[in-house]
Amino acid sequence: MITLEDKIAVQELIARFTRCSDFGDWEGLAAIYTADVVTEMEGITIRYEGIDAQVEHAKESDRHAEGKNRHYNFNMIVSEQDGQVFADYAFMNVNAGHAPMSSKIVVTGRQRDTVVKTSEGWKIARRFVQFDQAVSLDF
């Protein structure tokens with residue numbers, strides 16, 4: 001059974017994802033995943049498998065957004081079902097822009113992360129993304 005401390009640790013894990021991804025801490029980003037992590041997106045055939053693929057996708061997103069990629073997560077619920085632990089939450093991805101009033105929402109949706117407790121703490125083992133908009137990726 002997960003504890004309140006576990007729930008807080010999982011919320012901080014997801015927060016570390018956003019901080020590391022948004023501000024180019026690629027080593028920190030790699031540390032939040034299990035070795036066999038998989039990211040899948042509803043309606044998109046691209047899958048990111050393994051830590052290197054997760055980090056490379058984040059780097060490519062950072063290049064596309066010229067370092068202005070920002071992730072915001074809301075309404076998180078951490079739950080345990082049939083022995084697995086999930087973090088379900090809404091997200092918003094924003095391009096912060098280079099000047100005041102130039103930021104824009106890029107995409108919104110829902111995510112479900114399957115997380116596991118390891119000897120190094122909680123890690124993301126699987127991520128499933130559902131977009132609110134029709135999205136296509138080429139990276």
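**Fold, cores and selected residues of a predicted model**

At 84% relative accessibility, Met101 counts as exposed, where exposed means over 50% relative accessible area, buried under 20% and partly exposed in between (1.4 Å probe, protein chains only). This residue lies in the loop between β4 and β5. Although Met101 is not a glycine, its phi is positive, at about 70°. The structure is a predicted model, in which local features need pLDDT of at least 70 and side-chain atom pairs count only at pLDDT 80 or more, while totals for chains, interfaces and linings use all residues. Residues are numbered from 1 along each chain as its sequence is written, and side-chain values use heavy atoms, with hydrogens and water left out.

A positive phi also occurs at Asn75, with a value near 55° in a residue other than glycine. Asn75 belongs to strand β3 (residues 69-81). Asn75 counts as exposed because its relative accessibility is 67%.

The secondary structure comprises three helices and six strands; helices (H or I, at least four residues) and strands (E, at least two) are DSSP runs, numbered from the N terminus. Read from the N terminus, the order of elements is α-α-β-β-α-β-β-β-β. For 139 residues, a compact globule would have a radius of gyration near 14 Å, and the 15 Å of the protein agrees with this. The radius is taken over C-alpha atoms, and the globule rule is 2.2 Å times the number of residues to the power 0.38. Along the principal axes, the C-alpha atoms fill a box of roughly 45 × 30 × 30 Å. Of the 139 residues, 40% count as buried. The accessible surface is about 8,100 Å², and 52% of this surface belongs to carbon and sulfur atoms; the areas come from the Shrake-Rupley method with a 1.4 Å probe, and for residues only the protein chains shown count as cover. Among contacts (heavy atoms within 4.5 Å) with a separation of 6 or more, 51% come from residues 24 or more positions apart.

Strands β4 (residues 84-95) and β5 (residues 104-118) run antiparallel and are joined by 11 bridges; two strands pair if DSSP finds at least two bridges between them. Asn95 has Lys104 of β5 as its bridge partner. Strand β5 also pairs with β6 (residues 121-131), in the antiparallel sense and over 10 bridges. Here the bridge partner of Val116 is Lys123 in β6. A hairpin of two residues connects β5 to β6.

The largest nonpolar core has 19 residues, of which Leu29, Ile32, Tyr33, Val115, Trp122 and Ile124 touch the most other members. Such a core is a set of buried Ala, Val, Leu, Ile, Met, Phe, Trp, Tyr and Cys residues joined through side-chain atoms within 4.5 Å. Two or more residues each are given to this core by α1, β1 (33-41), α3 (51-64), β4 and β6. The most, five residues, come from α1. A second, separate core of seven residues includes Met41, Tyr48, Phe91 and Phe131.

Tyr33 touches Phe17, Ile51, Gln54, Lys123, Ile124 and Arg127, not counting residues up to four places away in sequence. Ser21 is placed in helix α1 (residues 4-22). Ser21 counts as buried because its relative accessibility is 5%. With residues up to four places away in sequence not counted, Ser21 touches Trp26, Leu29, Ala58 and His71.
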